[in-house]
Amino acid sequence: MPKRTRFTTWRPLATAATAALLATLLTPVAAQAAPRGSEPVHSYEDAIREAVWVDTGLDGDRDGKPDRVAVDIVRPRETARQGRKVPVIMDASPYYSCCGRGNESQKKTYDAQGRVAQMPLYYDNYFVPRGYAFVGVDLAGTNRSDGCVDVGGRSDIQSAKAVVDWLNGRAKAYTSRTGTTRAQAGWTNGRTGMIGKSWDGTIANGVAATGVKGLKTIVPISAISSWYDYYFQQGAPLYDSGPAWLSDYVDSPDARAKCAAVQQKLVDGAPRTGDRTPLWTERDYVKAARKVKASVFLVHGMQDLNVRMKHVGPWWDALAKNGVERKIWLSQTGHVDPFDFRRGAWVETLHRWFDHELMGIDNGIDREPMADIERAPGRWDTSRVWPPSGTRTATLRPGRGTQDGVGTLGLHRGHGTASFTDDPERSETDWAARIDEPTSEKAGFTTRTLTRDLRLSGSSEVTVTATPSTPTAHLSAVLVDLGPAIIRDYADAGEGITTLTNRTCWGPSTPADSSCFKETKAKTADVGYTVVSRGWADLGNHASDHKGSPLTPGKRYTITIDLATTDHVVPKGHRLALIVAGTDQGLIDPPADKPRLTLDLSRTSARVPFTGGAAAFARATTGAATATPDATLLDGVREPRTTHRVPEASQ
């Protein structure tokens with residue numbers, strides 16, 4: 001079967017003309033009969049609530065019995081009585097009992113018969129009345145499931161894949177955790193859509209990458225596409241923790257008692273050296289993107305410093321290469337669900353997406369713009385395709401300025417050197433705030449003031465040729481928009497939102513499960529600069545993405561640092577800056593030494609995707625002011641927090 005193409009607004013003229021002709025010939029009754037969307041015609045209060053345990057075929061906890069994962073189901077009673085089969089929306093999560101889901105940290109609760117009473121979030125309240133079943137899966141090793149959490153590995157992914165197989169008649173399930181009475185899924189047509197934020201969305205990515213039949217679409221929100229890139233970037237350790245800590249964080253008490261061997265494998269397979277091991281290869285879903293058959297509606301915060309935008313670019317590009325049907329929303333927030341930054345539009349769009357993908361309703365969403373991008377708090381633009389047509393990479397070159405460490409950025413090759421000393425107490429906010437003054441911990445380069453808007457869209461990379469003074473060195477590369485703006489305060493505890501006290505309701509409720517959730521508003525900051533994109537690397541990984549090596553002090557090395565995907569417009573009157581420095585406090589761990597690094601500017605460059613390419617950059621910087629700005633301290637968001645992060649919230 002040929003793969004589906006990505007969303008565009010293009011439509012064949014012949015098809016459009018035929019549709020218009022048919023519309024004029026249809027009687028009013030026939031024309032009105034065409035469904036434009038599922039309606040809330042089923043009783044939520046009277047919905048069937050049940051639990052089954054699906055056999056995963058694994059024995060991760062080594063108790064001699066196949067692991068069974070708990071599956072809580074809410075589905076319409078009316079369709080069951082009528083013998084009509086329904087599609088499934090599924091969220092597979094490790095958080096249903098340990099930590100909670102959503103902005104209000106809801107957990108599953110159960111009635112006296114062990115049936116789910118409160119299903120976290122609004123998916124069941126909203127979609128079950130519209131003819132969908134909602135399924136909440138406890139990943140292996142969590143809540144009421146057997147097995148062990150292996151943090152994105154075979155057990156995690158099989159936990160959810162086995163449920164998709166059961167929904168399509170290919171796996172076994174039982175009515176209890178230890179019993180022998182089989183449970184059948186005769187009530188569903190098997191058409192399944194997976195959704196979830198963070199770890200949950202990561203599982204959706206991983207299951208889609210198995211190519212499992214019956215999974216028609218996934219909606220990954222702030223999700224991981226490669227677990228190596230959650231803990232490292234190009235050898236640089238991002239957090240002072242690893243997957244073993246995270247597994248213990250979500251393990252059920254039963255799993256903690258049985259899963260010591262799995263925990264040890266996570267420790268042994270993920271050394272803090274930053275080397276790529278077989279453990280990371282198993283958890284790289286990008287490499288398996290060729291197997292994806294499901295469509296993908298991807299949502300991410302461009303200032304997410306938990307699951308960073310590095311997880312978007314390679315995954316999106318791999319899906320495009322394989323002809324996967326795609327849609328994307330990019331917000332200014334950090335690690336935030338769209339239900340909490342664009343609620344009404346999100347629920348409507350998600351409803352239409354599932355209607356199209358799971359119910360086959362031709363509602364036109366496949367002919368609408370592919371991308372929605374937040375330009376300012378609450379102000380959104382669309383792009384017919386993403387990255388937009390006409391986006392081409394320009395090579396920008398840093399050059400020496402009139403002061404040491406305060407250089408230029410343009411299209412012509414620079415000369416000379418620039419030096420800085422790693423200061424682990426400084427971060428990207430310190431560097432950007434003092435971009436126009438020489439400081440010892442960074443090298444900064446800025447364009448002329450722009451005479452017209454300049455749009456970056458996609459993934460950038462910075463090639464650095466540097467001579468270290470020590471055997472170890474970490475590098476950071478940051479693109480910054482220099483100029484005043486009001487942005488979402490992604491460094492605040494709410495990561496760009498403030499939670500209010502009033503509630504809005506999204507479907508019917510029961511005494512145990514309310515559909516009403518606290519409203520939010522944008523939490524903003526008035527800033528003098530905005531970090532656009534960032535990336536990090538261990539210079540010891542200059543020769544290999546897979547393994548680092550000690551450096552020879554005084555020897556020159558070249559490495560290309562991948563910067564996170566973004567979509568940002570640098571407005572007329574602003575400047576674009578490139579900063580190269582060492583440890584980005586709060587975002588990467590420091591090296592063993594505090595090196596001084598000297599950049600060879602003739603061999604250092606940034607490749608940046610602009611709408612219009614190098615010509616657009618040249619037009620925006622030609623005739624611009626060349627006066628040196630005053631070296632004033634620029635305001636920005638506070639520096640990144642350094643607490644333990646988990647792929648749900650920066651807790």
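A disulfide here is a pair of cysteine sulfur atoms within 2.5 Å. This is a predicted model, where local features need pLDDT of at least 70, side-chain atom pairs count only at pLDDT 80 or more, and totals for chains, interfaces and linings use all residues. Residues are numbered from 1 along each chain as its sequence is written, and side-chain values use heavy atoms, with hydrogens and water left out.

**View 1. C148 and C259 form a disulfide.** The sulfur atoms sit 1.9 Å apart, and the link is left-handed because its S-S torsion is about -85°. It ties together distant parts of the chain, 111 residues apart: C148 is in the loop between strand 6 (133-138) and helix 5 (154-167), and C259 is in the loop between helix 9 (253-258) and helix 10 (260-269). Helices (H or I, at least four residues) and strands (E, at least two) are DSSP runs, numbered from the N terminus. C148 is buried at 1% relative accessible area, and C259 is buried at 3%; buried means under 20%, exposed over 50%, partly exposed in between (1.4 Å probe, protein chains only).

**View 2. A disulfide joins C98 to C99.** Here the S to S distance is 2.0 Å, and -85° about the S-S bond makes it left-handed. C98 counts as partly exposed at 29%, whereas C99 is buried at 16%.

**View 3. C505 pairs up with C516.** This link has 1.9 Å from S to S and is right-handed, with 100° about the S-S bond. C505 belongs to strand 23 (residues 497-505) and C516 to strand 24 (residues 516-522). C505 is partly exposed at 45%; C516, at 17%, counts as buried.

**View 4. Strand 9 runs parallel to strand 12.** Three bridges join strand 9 (residues 215-221) to strand 12 (residues 295-301), and T217 has S295 as its bridge partner. Both strands belong to an open sheet of 11 strands with mixed pairing, in the order 7-1-2-6-3-8-9-12-13-14-15. Two strands pair if DSSP finds at least two bridges between them.

**View 5. K310, G313, P314, D317 and D562 lie nearest the centre of the largest pocket.** A pocket is an open set of points on a 1 Å grid over the protein atoms alone, where a 1.4 Å probe fits, with protein on both sides within 12 Å along at least five of seven lines; lining residues have an atom within 4 Å of a point. The lining counts 41 residues, and helix 12 gives the largest share, five residues.
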